[in-house]
Amino acid sequence: MAACLQLNAKAFRSYFPLNPVSRSVSKQSPKSGRIRCAATTQSKRYTITLLPGDGIGPEVISVATNVLKLAGSLEGIEFKFQEMPVGGAALDLTGVPLPEETLSAAKKSDAVLLGAIGGYKWDKNEKHLKPETGLLQLRAGLKVFANLRPATVLPQLVDASTLKKEVAVGVDLMVVRELTGGIYFGKPRGFSTNENGEEIGFNTEVYTTHEIDRIARVAFETARKRHGKLCSVDKANVLEASILWRKRVTAIASEYPDVELSHMYVDNAAMQLVRNPKQFDTIVTNNIFGDILSDEASMITGSIGMLPSASLGESGPGLFEPIHGSAPDIARQDKANPLATVLSAAMLLKYGLGEENAAKRIETAVLDTLSRGYRTGDIYSDGNKLVDARKWGRGTEVSRFPSSFSSMNGNWMKEGLICMDHLFLYSNSLHNEEAIVLSSGTATSSSSSFAILRTEYGCPCNS
């Protein structure tokens with residue numbers, strides 16, 4: 001989390017807006033007569049459907065849930081979490097990858113947070129009984145069609161990139177992927193036998209004008225809010241569906257004269273992403289190309305475990321998930337990197353609920369933790385501090401301050417939200433110039449009153 005009020009956020013110009021606010025907590029039983037904070041009285045309530053899924057999914061969802069609880073409590077937000085099965089876990093429980101109860105709960109919620117889906121155990125299942133089918137059904141059921149996947153090389157992690165430092169430094173791009181059309185959903189599809197008696201498998205890449213137009217508008221709007229550059233990726237030299245794609249994206253461009261549009265074939269785009277990724281600002285592409293290119297972009301940042309995503313529709317709850325898989329090889333070993341899921345929780349707050357202040361708290365905390373050198377194994381390098389996932393999420397009661405601030409040098413999420421060295425609870429700009437800064441175990445206040453600590457947390461501070 002942000003070290004203190006003096007954190008210089010200007011160095012981190014990225015897709016994630018920064019605000020030098022952060023917080024930290026520790027496990028402690030609530031005390032009677034504890035101080036409450038009117039500024040954080042629970043006034044906004046949201047229902048979040050949690051879909052832990054398979055593999056490392058439950059581990060990373062547990063961390064993200066704790067983070068959401070804390071960030072929400074500091075902003076006067078109350079969450080009701082409901083956990084439902086999906087993917088392989090649902091197959092084992094109900095025999096289908098997306099139970100009706102799960103989809104119904106997701107539709108009725110304000111947002112959906114997904115962990116990961118899939119695993120070797122179900123690889124040989126028939127297609128309709130594969131965990132991944134449940135994810136496709138979930139996206140279709142929620143009618144989310146726009147998938148936003150940011151890829152930003154953070155200054156703290158530039159050495160974790162597989163690219164040369166001079167190539168990776170400053171990369172900050174967004175992939176806008178069409179999510180519910182194309183070859184993953186097109187019909188006809190299936191298996192048959194050709195005239196020679198050979199078995200064949202076939203799929204259909206198909207897009208309608210409506211599907212292309214709506215994702216194009218999302219991409220143009222996204223580019224407009226970033227740096228005003230949009231690259232549409234297709235294969236219009238070969239595929240008819242891509243010819244229509246390019247035609248429609250070009251037509252929609254007339255509605256956005258302030259956005260610079262370019263086109264690129266997908267094979268060239270894949271090459272350019274590793275050759276000169278800084279040339280890209282916002283990329284819009286179809287379902288299958290977006291699936292591939294966003295994974296490629298993730299490795300520019302150092303690890304697929306770093307990238308969040310948001311899937312949005314025209315109405316209804318959004319679906320927020322890390323782009324990594326279930327990683328069954330490291331499941332239940334405390335090796336999973338929860339950052340992508342934590343940042344997905346931040347996207348949930350920002351894009352799903354419109355709670356930008358709470359989102360900024362999480363984003364800033366992540367950056368500060370990385371600045372302190374804490375790393376999971378996938379992004380570890382010499383000179384940093386190797387920690388496991390449990391030290392991110394140890395302890396479900398993350399809503400209690402310690403009884404003493406003299407030992408606040410904890411590890412990454414060991415006693416609460418990410419790291420414990422400093423706490424900046426409220427920014428001057430947000431709460432009537434009242435701020436609490438806990439730095440190196442010392443509490444100070446910008447006002448003569450500690451009324452700002454009147455919160456759900458048991459706090460030992462006195463005025």
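Leaving aside neighbours within four places in sequence, Leu113 is in contact with residues that include Ile48, Leu50, Phe320 and Leu348, where contact means heavy atoms within 4.5 Å. This is a predicted model, in which local features need pLDDT of at least 70 and side-chain atom pairs count only at pLDDT 80 or more, while totals for chains, interfaces and linings use all residues. Residues are numbered from 1 along each chain as its sequence is written, and side-chain values use heavy atoms, with hydrogens and water left out.

Leu113, together with Ile48 and Phe220, has the most contacts inside the largest nonpolar core, which has 77 residues. Such a core is a set of buried Ala, Val, Leu, Ile, Met, Phe, Trp, Tyr and Cys residues joined through side-chain atoms within 4.5 Å, and buried means under 20% relative accessible area, with a 1.4 Å probe and protein chains only. Helix α10, residues 339–352, gives the most to this core, with eight residues; helices here are DSSP runs of H or I with at least four residues, and strands are runs of E with at least two.

The structure also holds four aromatic pairs, meaning rings of Phe, Tyr or Trp (its six-membered ring) whose centres lie within 6.5 Å, called stacked with planes under 30 degrees apart, edge-to-face over 60 and tilted for the rest. The rings of Tyr46 and Phe79 are tilted because their planes stand at 35°, with centres 6.4 Å apart. Tyr46 lies in strand β1 and Phe79 in strand β2, so this pair ties together parts that are 33 residues apart in sequence. Phe220 and Tyr256, by contrast, are stacked, because their planes stand at 5°, with centres 4.9 Å apart.

Definitions and conventions:
Buried means under 20% relative accessible area, exposed over 50%, partly exposed in between (1.4 Å probe, protein chains only).
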